[in-house]
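Visitor: I would like to go through this model term by term. Please set each value against its cut-off.

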Amino acid sequence: MNIIDEPSPTNPNIDESVTVQSLMPTILLSTLNARYFHASLGLRYLLANLGELRTDAAIREFIVTQRPLDIAEALLAEQPRLVGFGVYIWNVVETTQVVALLKQVRPDLVVVLGGPEVSHEWDRQAIVDLADYLIAGPGDLAFADLCQRIHAGNPPDEKIIAAESPALDHLCPPYRFYTDEDIARRLIYVEASRGCPFKCEFCLSALDKTAWPFPLEPFLAELQTLHQRGVRHFKFVDRTFNLNVKTCARILDFFLERLDERLFLHFELIPDHLPEPLKARIARFPAGALQFEIGIQTFNPTVQALISRKQDNPKAVNNLVWLRRNTHAYLHADLIAGLPGEDLASFAAGFNRLTALDPHEIQVGVLKRLRGAPLDRHTAPFDCRYNPHPPYNLLCSATLDFATMRRLERFARYWDLIGNSGRFSQTRPLLLGDRPFDRFMRLSDWLFATTGQTHRFALERLFDLLYRGLVEVLSVAEPAARAALATDYQASGAKSGLAFPRPDRFSSSDGSEGISGTIASTRQTRHQRSGG
């Protein structure tokens with residue numbers, strides 16, 4: 001049974017299959033993932049907690065690049081009675097099309113929606129108008145209750161079902177519903193806690209009252225089962241993994257006892273909270289085993305106060321310095337461009353400060369207006385204008401005009417392609433000099449003016465463009481530019497040689513595949529080779 005119609009990378013004639021439960025279920029749990037290697041944790045929670053209906057339900061995952069008509073056809077072929085969709089900012093447009101097609105062909109099909117994108121402001125959304133029911137909030141138990149009522153012939157009259165957060169010790173764990181195929185080829189998501197005690201207004205977690213943990217011993221038992229089944233890549237989705245030091249230490253100990261060359265762990269850390277018991281454990285992990293996502297977002301205290309973000313900047317800086325100097329952890333730090341009250345100069349200062357701390361990656365994200373997030377209270381005072389379509393990115397504000405925001409978006413894309421890729425360890429210092437933001441913005445403006453594109457650069461062409469940018473735009477001496485780029489090019493493993501300059505390449509615009517890696521471990525490998 002074809003669940004995801006993406007050709008197998010090992011055999012293009014074999015369709016991907018993520019088959020869970022019965023062959024002809026009456027309840028289908030579905031979502032459109034961003035990429036094949038993402039596996040939906042939310043759908044597996046719904047399936048795990050369906051009770052007696054579990055044997056008559058199945059997960060059907062797709063990827064967002066598949067045609068809506070093909071997705072609708074695959075779902076309808078199974079003749080379900082009910083389809084539940086997980087709706088997110090990255091798939092709401094395509095999911096709306098799928099739901100419209102399903103209801104056009106099968107008006108009797110019950111469609112249930114859930115997920116953060118539809119849990120707020122539902123009266124403004126076409127997909128909610130099309131559906132039969134919407135579960136606003138955590139659906140772990142509410143979805144099962146709805147299905148049982150429909151199955152018993154007693155469906156609720158109300159369309160909108162407001163779900164309360166369930167007691168975590170009442171939930172059936174979802175992890176056994178990761179298939180062997182998932183374990184072999186996809187990211188495995190786990191969570192030791194839910195919620196967040198902080199109130200950063202750009203984030204939906206600001207609506208949480210606190211953070212609350214899953215019972216630790218049963219969770220460790222689930223991790224043990226996954227590990228025994230062969231899972232070595234664990235991505236923790238906890239917003240504040242290091243909030244509870246004792247729990248964090250126990251989990252790190254669990255993995256330290258099971259270290260091997262394949263183990264890879266991803267955690268999101270609070271930047272200003274790293275007590276000694278955690279430092280001692282983190283320092284014991286070898287290169288390639290740990291990745292930390294560390295949200296800095298802004299260093300500006302005024303902006304932090306404005307968006308209710310509590311962050312001790314000196315502690316955050318000291319912790320980043322310690323992690324970089326004393327551990328092998330791969331550090332991915334986040335900054336947001338466009339926060340209320342932050343102008344270009346303030347963002348530039350934050351970028352320069354973070355660059356000096358030398359995390360392996362700096363993700364520059366453009367502010368998005370997430371439905372339901374408290375950030376909306378700043379829309380009028382700061383004249384924030386957002387894209388009316390997903391991903392609802394900031395278009396302009398009182399402090400950043402439209403042209404500047406477009407420049408920042410291109411800056412972010414080129415930075416990810418060049419600064420974060422791990423391919424340019426020798427070249428990057430020449431690009432940044434002692435004024436990282438200013439110099440990379442100049443390069444970014446020139447790259448777009450020269451190429452008119454931000455994606456799909458062939459590797460050799462990108463190296464040639466960087467040579468021109470270094471010499472012509474940033475006034476780097478030709479011998480230094482040649483030497484750095486040649487070293488990086490050789491380290492990239494490319495077969496052909498480079499010859500600077502190559503004017504015939506400068507004006508071409510090919511359609512070759514993009515060069516950035518698809519998973520974090522690819523970039524980690526590059527940084528390790530370069531000694532980062």
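Guide: Two strands pair if DSSP finds at least two bridges between them. Strands (E, at least two residues) and helices (H or I, at least four) are DSSP runs, numbered from the N terminus. This is a predicted model, in which local features need pLDDT of at least 70 and side-chain atom pairs count only at pLDDT 80 or more, while totals for chains, interfaces and linings use all residues. Residues are numbered from 1 along each chain as its sequence is written, and side-chain values use heavy atoms, with hydrogens and water left out.

Visitor: What makes β15 and β16 a pair?

Guide: Six bridges join strand β15 (residues 330-337) to β16, and the rule asks for at least two. The two strands run parallel. Within the pairing, Leu-335 stands opposite Val-364 of β16.

Visitor: Why is the β-α-β unit of β15, helix α12 and β16 called right-handed?

Guide: The word applies if, with the strands pointing away from the viewer, the path from the first strand over the helix to the second runs clockwise. β15, helix α12 (residues 344-357) and β16 make a unit of that hand.

Visitor: How do you know how much of strand β16 is covered?

Guide: Buried means under 20% relative accessible area, exposed means over 50%, and partly exposed lies in between (1.4 Å probe, protein chains only). In β16 (residues 361-366), five of the six residues are buried, and the strand is mostly covered.

Visitor: What makes a group of residues a nonpolar core?

Guide: Such a core is a set of buried Ala, Val, Leu, Ile, Met, Phe, Trp, Tyr and Cys residues joined through side-chain atoms within 4.5 Å. The largest one here has 107 residues, and Phe-234, Phe-236, Phe-255, Phe-292 and Ile-418 have the most contacts inside it. A second, separate core of 25 residues includes Ala-58, Ala-72, Leu-75 and Val-92. In soluble globular proteins, nonpolar side chains tend to be buried together.

Visitor: Why is the meeting of Asp-132 and Lys-103 called a salt bridge?

Guide: The term requires a side-chain nitrogen of Lys or Arg within 4 Å of a carboxyl oxygen of Asp or Glu. The side chains of Asp-132 and Lys-103 meet at 2.8 Å, N to O, so the pair qualifies. Asp-132 lies in the loop between α4 (126-130) and β7 (133-136) and Lys-103 in helix α3 (residues 92-105), so the bridge ties together parts 29 residues apart in sequence. At 15% Lys-103 is buried, whereas Asp-132, at 26%, is partly exposed.

Visitor: What separation do Arg-406 and Glu-409 have in helix α13?

Guide: Both lie in α13 (residues 402-419), three residues apart, about one turn of the helix.

Visitor: How many salt bridges does the rule give?

Guide: The count comes to 32 salt bridges.
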